Amino acid sequence: MPTEWTRLATLHDNSPAARGDGHYHMFLVTGWTGGAPRMRNDEHTRLGWFAIAEACALADLALPAYRQMFRAIHPG
């Protein structure tokens, strides 16, 4: 469960014809309690902790805008 976070952005789905009109609310979590995060239902294919460079290198991100947002968190 997140205990500390910062709201980063709200991204609009880039393919509403395929998935409906969606908005993704993105948060940077800096404090966590309760063990490792767990997936619920089938919303995700993978869940984990990543360094910024690792996250940017993921080939199957849902939205290309994620990479820009990741780099804005830590441009180095």
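**Architecture and surface of the predicted chain**

The chain holds 3 helices and 2 strands. Helices (H or I, at least four residues) and strands (E, at least two) are DSSP runs, numbered from the N terminus. The order of elements, read from the N terminus, is β-α-β-α-α. The model is predicted: local features need pLDDT of at least 70, side-chain atom pairs count only at pLDDT 80 or more, and totals for chains, interfaces and linings use all residues. Residues are numbered from 1 along each chain as its sequence is written, and side-chain values use heavy atoms, with hydrogens and water left out.

The C-alpha trace spans about 35 × 35 × 20 Å along its principal axes. Of the 76 residues in the chain, 18% are buried. Here buried means under 20% relative accessible area, exposed over 50%, and partly exposed in between (1.4 Å probe, protein chains only). The accessible surface of the chain is about 6100 Å². Carbon and sulfur atoms contribute 55% of that surface. Areas come from the Shrake-Rupley method with a 1.4 Å probe; for residues, only the protein chains shown count as cover.

Contacts (heavy atoms within 4.5 Å) were sorted by sequence separation. Among those in the chain with a separation of 6 or more, 39% join residues 24 or more positions apart. The chain has 7 positive and 7 negative charges, and their mean positions lie 3 Å apart. Lys and Arg count as positive and Asp and Glu as negative; His and the chain ends are not counted. Each charge is placed at NZ of Lys, CZ of Arg, CG of Asp or CD of Glu.

A nonpolar patch lies on the surface. Its members are Trp-5, Phe-27, Val-29, Trp-32 and Trp-49, with about 550 Å² of accessible area together. Patches are made of residues with over 30% relative accessible area and no salt bridge; like charges are joined within 9 Å, nonpolar side chains (Val, Leu, Ile, Met, Phe, Trp, Tyr) within 5 Å. A salt bridge is a side-chain nitrogen of Lys or Arg within 4 Å of a carboxyl oxygen of Asp or Glu. Strand β2 (residues 23-32) gives the most to the patch, with 3 residues. Trp-49 sits in the loop between β2 and α2 (52-57). Its relative accessible area is 55%, so Trp-49 is exposed.

Met-39 also belongs to the loop between β2 and α2. Met-39 is partly exposed, at 43% relative accessibility. Its C-alpha lies 22 Å from that of His-12, across 27 residues of sequence.

Gly-22 lies in the loop between α1 (16-19) and β2. With a relative accessible area of 16%, Gly-22 is buried. Beyond its neighbours within four places in sequence, Gly-22 contacts Leu-11, His-12 and Asp-13. The C-alpha atoms of Gly-22 and His-12, 10 residues apart in sequence, are separated by 6.0 Å.

Helix α3 (residues 65-73) carries Ala-72. Ala-72 is exposed, at 62% relative accessibility. Ala-72 and Ile-52 are 20 residues apart along the chain, with 9.7 Å between their C-alpha atoms.
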